[in-house]
Amino acid sequence: MSDALVSEAIRPHIALFPSAGMGHLTPFLRLASMLLSNNCDVTLITAKPTVSVAESTHISFFLSTHPEAKHLEFQLPYLQPSNSSTDDPFFIQFEAILRSVHLLHPLLYSLSPPLTAIFSDFVVASGVTRIAVDLGLPHYVVATFSAKFLSLMAYLPILTSDPTKLSSLSTEIDIPGLKPLPVESIPPPFFNSDHLFTANLVSNARALPEVKGILMNTFNWFEPETLSALNSGRVLSNLPPILPIGPLVPYELKREERQYLPWLDNQPTESVVYVNFGSRTAMSKDQIRELQDCLESIEYRFLWVLKSSKVDKDDQEDLEALLSHSFVESTKNRGIVVKGWINQQEILAHPAIGGFVSHCGWNSVGEAAQRGIPVLAWPQHGDQRVNAEVVEKAGLGIWERSWGWGVESLVKQEEIQRKIGELMEDKKLRSTAKKVGEEAKKAGEIGGSSNKVLMQVLQLSIQSL
Ligand code: UDP
Ligand code: UDP
Ligand code: UDP
């Protein structure tokens with residue numbers, strides 16, 4: 001995107017306000033970098049302290065490599081969570097940020113040059129809407145999930161207001177304008193309207209009609225029918241424009257220690273199975289054992305990123321304690337296991353990667369799409385089953401629905417082995433995944449569908465000056 005449409009003379013000044021977790025921070029930093037290269041002023045707002053070390057490391061590195069970005073850090077006061085439905089530190093932080101968001105008002109008001117728009121995370125949208133109205137600023141929501149999941153979220157206030165609509169006894173959930181969603185794809189907390197996660201999403205979904213637009217890390221080709229149903233008012237008549245601007249372009253990340261890179265460089269093209277369940281999914285010990293036994297018995301090369309706790313700073317266990325001696329010995333020339341943060345965008349760009357076993361966090365899906373890498377979807381939580389459906393429908397990957405949610409079922413090694421074989425051998429899948437890669441690339445090029453939408457949003461924000 002070097003051909004910036006926005007001229008040097010009149011510059012938008014956009015505040016970007018992500019919430020907690022790498023899955024939320026990453027799309028905002030990518031967007032910040034894209035806006036800076038289009039002659040926008042950017043103020044990044046972050047809450048302090050962050051939940052994970054990865055977040056604070058990525059924020060510091062981004063600011064050091066983008067000195068033109070302004071940073072507004074706001075200290076979160078300690079707040080007792082409003083209920084005890086979850087001990088998930090990321091959800092507790094969502095709530096703490098939302099309840100403290102009014103503190104931002106004077107800080108945003110005094111920024112110079114004045115702001116021309118605020119782009120906020122969906123999970124803080126209801127609070128930011130009030131500030132944006134007071135300051136007379138256009139407010140765009142940045143959705144960190146798929147358009148398909150957005151349709152469920154937008155409809156959630158209606159679903160939760162009538163227990164018969166969202167009942168675990170149903171087999172399908174009807175959302176107007178869309179194919180019914182299987183009840184198994186609905187995140188379990190949605191069946192409890194008092195759950196912190198559900199209460200947060202419902203309150204933010206209610207704010208959507210007030211916002212100027214919803215920026216989506218997706219592209220038209222990837223979710224055409226859902227986007228068209230949402231934008232034609234068939235899902236809900238009062239939604240703002242849904243603006244697909246993805247997949248968001250990765251920026252250069254810090255070069256961590258990368259002992260796996262020389263190893264990857266020595267592997268044949270498309271020969272390595274890459275296994276990573278994102279920044280915050282800890283697998284059970286039993287599931288880790290099944291996966292280990294599978295990787296030991298298959299013939300494929302592999303790069304496995306292993307996490308045993310939800311938040312990185314709690315991850316104390318050594319690999320030796322998690323893996324068997326026989327696994328380590330028998331796979332030492334064929335695979336690598338990494339504990340800790342790796343640079344996934346760099347790994348997915350490596351020609352040796354042949355398949356991605358993924359939890360289908362939406363950023364991971366976008367990154368696989370950008371590179372046209374076939375995905376074996378193994379959704380664990382939240383929006384990931386809905387995302388897996390998108391992956392399968394677009395031809396990017398395969399999904400074994402019977403594996404269930406991560407926490408509730410144990411998938412045996414033979415099962416995993418069978419699906420990895422399919423992932424690596426299915427030539428049709430490899431070619432449809434490549435096609436997704438080509439379409440993703442086209443969407444981001446100058447004049448491509450996503451690029452055009454972003455440029456229109458930027459143009460609109462200068463017209464309001
Ligand atoms: N990521 C990474 N290295 C890791 C784990 C995750 O680079 O070891 C990145 C990944 O590329 C993605 C983000 O962190 O951009 C995770 O977001 P996603 O939506 O895929 O899943 P979540 O972590 O939110 O479950
Ligand atoms: N749909 C529609 N018009 C059409 C085809 C489909 O409104 O011409 C609806 C269809 O009922 C489906 C929804 O759009 O529920 C989205 O379909 P899908 O899950 O296949 O999503 P996509 O990946 O195409 O966005
Ligand atoms: N969840 C999610 N993303 C995650 C982890 C959890 O969306 O990375 C969802 C998941 O559906 C989970 C819910 O949030 O059931 C509540 O999480 P909590 O920690 O309260 O309970 P869990 O069900 O994980 O034991």
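The legends below describe close-up views of a predicted model. Residues are numbered from 1 along each chain as its sequence is written, while chains are lettered from A and ligands numbered from 1 in the order in which they are written. Because the model is predicted, local features need a pLDDT of at least 70 and side-chain atom pairs count only at pLDDT 80 or more, whereas totals for chains, interfaces and linings use all residues.

**View 1. Confidence of the model.** The chain has a mean pLDDT of 93, with 98% of its residues at 70 or more; pLDDT is the predictor's confidence in each residue, from 0 to 100. For the complex, the predictor gives an ipTM of 0.87 and a pTM of 0.93.

**View 2. The shell around ligand 1.** Ligand 1 is surrounded by 20 residues, the closest being Gly23, Gly278, Gln344, Gly361 and Ser364, where a residue is counted if its C-beta atom, placed from the backbone, lies within 6 Å of the molecule. Helices H1 (22-36), H13 (344-348) and H14 (362-371) each supply at least two residues of this shell, and H14 gives the most, with four residues. Helices (H or I, at least four residues) and strands (E, at least two) are DSSP runs numbered from the N terminus. The shell comprises five nonpolar, 13 polar and two charged residues, with Ala, Val, Leu, Ile, Met, Phe, Trp, Tyr, Cys and Pro counted as nonpolar, Asp, Glu, Lys and Arg as charged, and the others, Gly among them, as polar.

**View 3. The shell around ligand 3.** Among the residues around ligand 3 are Pro187, Pro188 and Pro189, together with Asp88, Arg280 and His381. By class, this shell divides into five nonpolar, four polar and two charged residues.

**View 4. The seven-stranded sheet.** Seven strands form an open sheet in the order E3-E2-E1-E4-E5-E8-E9, with parallel pairing, two strands being paired if DSSP finds at least two bridges between them. Strands E3 (70-75) and E9 (242-244) stand at the edges with a single partner strand each, so one side of each is left without a neighbour in the sheet. Within the sheet, E5 (residues 139-143) and E8 (residues 213-216) pair in the parallel sense over four bridges, and alanine 143 has methionine 216 of E8 as its bridge partner.

**View 5. The contact of helices H6 and H8.** The axes of H6 (residues 147-161) and H8 (residues 224-231) come within 9 Å and cross at roughly 35°, the axes being lines fitted to C-alpha atoms over the stretch in contact, with angles running from 0 to 180 degrees between N-to-C directions.
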